[in-house]
Amino acid sequence: MRTPTKLLTLAAAAGLAVAAATSAPATAAAKKQVRANWAPADTAAIHPGVQMYTEGAQCTANFVYTDTAGTTYVGYAAHCAGLGEATDTDGCTSDSLPLGTKVDFVEGGSLVGEGTRVGGGTLVYSSWLSMQRNGEDDADTCAYNDLALVKVDAADTGKVNPSIPFWGGPVGLNTAGTAAGDTVYSFGNSSLRGGIEQLSPKQGTSLGTDASGWTHPVYTVTPGVPGDSGSAFLDAEGNALGTLSTLALAPLAGSNGVGDLAHELAYAQASSGIAGLRLVHGTEPFSPLL
């Protein structure tokens, strides 16, 4: 049995705080998702990989989402708004900040400062809060459903681009999981790295799919560290695979647990009340060259 712990988030001026296939191809229909008014990828202030601060605790954005009304959301891990300890991994019993909590988007944060605030948003969905409201009792769902959505403030939506820095994409949503040995890609942005961008892109290997499809244990060249929580993972074709959630202590010490986005997004679609919630594809092509 795996023994995971949530990747710790970073709390400014307070030390370390709470943390933690046939894939869908790029099609003509998918390309229609790319709207004309996304900010250019090379200058966008809000994007996958941007740092997100929630009452001082720092995590990393995964993907951009939208709905029927065209509202813009950015995702991170539900435990980024958690109030418990790093070992509190059960979203069905762990405490969380409420919906309506303000979240800041920040660039350049480090251990000596929070960097530059580039925008803001509001927590509008938490898988933890939804599971608790629903009375969820499936053990795998409770342990690995770790997705939250932040609605970007109207004044900041023009700053958003949905592309993954360095890698490009996502080109679609992975709906079939991964097999042992499959290549995966990620972009972490923990302020522990002190703004050294070369350390953010990561390539690794999946160990397969676990917990009824809810999670993928992965090894990357360097594992996700505190502050990377919530960050995006892509599969070998550039599809959105999942979100960084846990650091395993045993038996796969040093591996990370990546929550399966197809499962997490389906749960959100069923329980968030957000009509037409969907993943937004990147404006930049997927380019898996490290």
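Are Trp167 and Tyr185 buried or exposed? Both are buried. I'll come back to that pair. Before that, the overall picture.

What you see above is a predicted model. The chain has 290 residues, and buried ones make up 57% of them. Its accessible surface comes to about 11100 Å². Carbon and sulfur atoms account for 56% of that surface. As for secondary structure, the chain holds four helices and 17 strands.

Now the aromatic rings. A pair of rings is described by two things: the distance between the centres and the angle between the planes. The count here is three aromatic pairs. Take Phe166 and Trp167. Their ring centres lie 4.8 Å apart, and their planes stand at 85 degrees. Planes over 60 degrees apart count as edge-to-face, so the pair of Phe166 and Trp167 is edge-to-face.

How exposed are these two? Phe166 is partly exposed, with a relative accessible area of 46%. Trp167 is buried, at 0% relative accessibility.

Next, Trp167 and Tyr185. Here the ring centres are 4.7 Å apart and the planes sit at 55 degrees, so this pair is tilted. Trp167 belongs to the loop between strand 10 (148-152) and strand 11 (183-187). Tyr185 is in strand 11 itself. The pair therefore ties together parts that are 18 residues apart in sequence. And, to repeat the opening, Trp167 and Tyr185 are both buried.

Which residues do the ring pairs link into a cluster? They are Phe166, Trp167, Tyr185 and Phe286.

Stay with that loop for a moment. Its backbone has some points to look at. Most residues other than glycine have a negative phi, and most peptide bonds are trans. Phe166 is in the loop between strand 10 and strand 11. Phe166 is not a glycine, yet its phi is positive, about 75 degrees. Pro170 is in the loop between strand 10 and strand 11 as well. The peptide bond joining Gly169 and Pro170 is cis, with omega about 5 degrees.

Another loop has a positive phi too. Ser212 lies between strand 12 and strand 13, in the loop. Its phi is near 55 degrees, again in a residue other than glycine. Ser212 is exposed, with a relative accessible area of 63%.

On to charges. Side chains of opposite charge can pair when their charged atoms come close. How many salt bridges does a search of the whole structure find? Three. Let me go through them.

Asp104 counts as partly exposed because its relative accessibility is 29%.

Then Asp156 and Lys159. The closest N and O atoms of this salt bridge are 2.9 Å apart. The cut-off for buried is under 20% relative accessible area. Asp156 has 9%, so Asp156 is buried. Lys159 has 31%, and is partly exposed.

Finally, Lys202 and Asp228. Their side chains meet at 3.6 Å, N to O. This pair also joins distant parts of the chain, 26 residues apart. Lys202 sits in strand 12 (residues 201-206). Asp228 is in the loop between strand 13 (215-220) and strand 14 (232-234). Both Lys202 and Asp228 are buried.

One more element: helix 2, residues 127-134. Which of its residues are buried? They are Ser127, Trp128, Ser130 and Met131. These four cover an arc of only 165 degrees around the axis, so they are on the same side of helix 2. An α-helix has 3.6 residues a turn, so residues three or four places apart point the same way.

Look at both ends of helix 2. At the start, a side-chain oxygen of Ser126 reaches to within 3.2 Å of the backbone nitrogen of Trp128. Just after the helix comes Gly135, with a positive phi of about 70 degrees.

That's the tour. If you take one place back to the viewer, take the ring cluster of Phe166, Trp167, Tyr185 and Phe286.

Key:
Residues are numbered from 1 along each chain as its sequence is written. This is a predicted model: local features need pLDDT of at least 70, side-chain atom pairs count only at pLDDT 80 or more; totals for chains, interfaces and linings use all residues. Side-chain values use heavy atoms; hydrogens and water are left out. A salt bridge is a side-chain nitrogen of Lys or Arg within 4 Å of a carboxyl oxygen of Asp or Glu. Buried means under 20% relative accessible area, exposed over 50%, partly exposed in between (1.4 Å probe, protein chains only). Helices (H or I, at least four residues) and strands (E, at least two) are DSSP runs, numbered from the N terminus. Accessible areas come from the Shrake-Rupley method with a 1.4 Å probe; for residues, only the protein chains shown count as cover. The arc is that of the directions from the helix axis to the C-beta atoms. A polar contact is a pair of N or O atoms within 3.5 Å; within protein, one must be able to donate a hydrogen and the other to accept it, and residues adjacent in sequence count only if both atoms are side-chain atoms. Rings of Phe, Tyr and Trp (its six-membered ring) pair if their centres lie within 6.5 Å; planes under 30 degrees apart count as stacked, over 60 as edge-to-face and the rest as tilted.
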